[in-house]
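Welcome! Please take a moment to look over the chain shown here before reading on.

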Amino acid sequence: MSSYKTIKILAIETSCDETAVALICVDQNNFTPLQSVISSQVKTHAKFGGVVPEVAARMHIKQILPLIDLVLKKEKIKPQDLNAIAVTGGPGLISSLLVGTETAKALAFAWKKPLIKVNHIEGHVYSSLINEKPKNIAKLFPALSLVVSGGHTELILMKEHGKYKFIGGTRDDAVGEAFDKVAKILNLGYPGGPAVSRLALEYKSINKKLFDLPRPMINVPGFEMSFSGIKTAVLYAWEKSGKTKAQKIAMAYEFQEAVTDVLVSKTLLAAKKYQVKSLFIGGGVAANQRLRSKLTTIFENNLPEINLKFPAMENTGDNALMIALPAYFHYLKKDFQKIKGFRPDPNWELVR
Ligand code: KG4
Ligand code: ZN
């Protein structure tokens, strides 16, 4: 049976500002990450206060082939030993995506290997499952996935591999984007999420509450969210404040509380409504410890039977292992991409 075979997949992710390559060996019992390398461009983009697409694409071009070469050589794997090449086909920055997809097409053609396209969000959905036995993943369905990144904030219902239903999400800014913008207002640099959450740790609850931010849409029925209002509220309150160190810490703390309150409340409601067995958390903001601890507590208190899956810290941000795992399930279904005519789609929606 094909599902008993051991499969080797080379996966490529270049949708934004990380050039990532992974090599996995997988069968139904074990998902073995042989290699996962990430060349981050964050220091380069930090100088500009955000990702510059043209610069990102040029850096991907420089990095991609040496990284693939490195990964294969380290494992002493020859191209003929591979079973498939997987690549992120979108969503993302078109010039960045093109570097990954053109590379994957060229390799699939030259090495005569099947080509598998993976949606970037699908990758984040699977990122918490990298240490699971592949055959056990299906037992976790139906699952709810909370994807929180710099570009996305979505609640997705997953009934089986490859079946996604959009439940709700932000109508404006993504939550990571809000962290980045608040960091800019507070002059904390880019990327903002880690900086804001680090500063929030310095907050002592005995301090009196200096700021009171809204929790937009928290009491509105349904699963729509909005984060641009919180960011604007931060801007106005900050401009009126004395901008002291203590106020900066209090603002970072209150902002993190406001956004995590909204995320946690909507996620719990959705898990209840759809009676899921598991919750998969993914995306850059899944690195946020406050979000992790609030989700853990609220689910323990309200839906203790639900299986909570968090990604390992190194797999919260963009990486290629999260592309390789769903690629394996596409492989089992022979869900391959024709090389000719394959173009990345910067707006590819996994679900709507
Ligand atoms: O998934 P990701 O690496 O890239 C996208 O696909 O967007 O997510 C990056 C986002 C950035 O907005 C960054 O500020 C945020 O994740 N982030 C965090 C934390 N670490 C990264 N946000 C809050 N708390 C963190 N600890
Ligand atoms: Zn991402």
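## A strand and its neighbours

Serine 145 stands opposite phenylalanine 280, a residue of strand E9. In this predicted model, local features need pLDDT of at least 70 and side-chain atom pairs count only at pLDDT 80 or more, while totals for chains, interfaces and linings use all residues. Residues are numbered from 1 along each chain as its sequence is written, chains are lettered from A and ligands numbered from 1 in the order in which they are written, and side-chain values use heavy atoms, without hydrogens and water.

E9 covers residues 278–282, and strands here are DSSP runs (E, at least two residues) numbered from the N terminus, with helices being H or I runs of at least four. Strand E6 (residues 143–148) pairs with E9 in the parallel sense over five bridges; pairing requires at least two DSSP bridges between two strands. E9 is also joined to strand E10 (residues 307–309) by three bridges, again parallel. There, leucine 279 has leucine 308 as its bridge partner.

## Two faces, both buried

Which residues of E9 point one way, and which the other way? Ser278, Phe280 and Gly282 point one way, Leu279 and Ile281 the other, and all are buried (under 20% relative accessible area with a 1.4 Å probe, protein chains only; over 50% is exposed, in between partly exposed). In a regular strand the side chains alternate between the two faces of the sheet.

## The whole chain

Stepping back, the protein chain has 11 helices and 10 strands. Of its 352 residues, 53% are buried. Its C-alpha atoms fill a box of roughly 65 × 45 × 30 Å along the principal axes.
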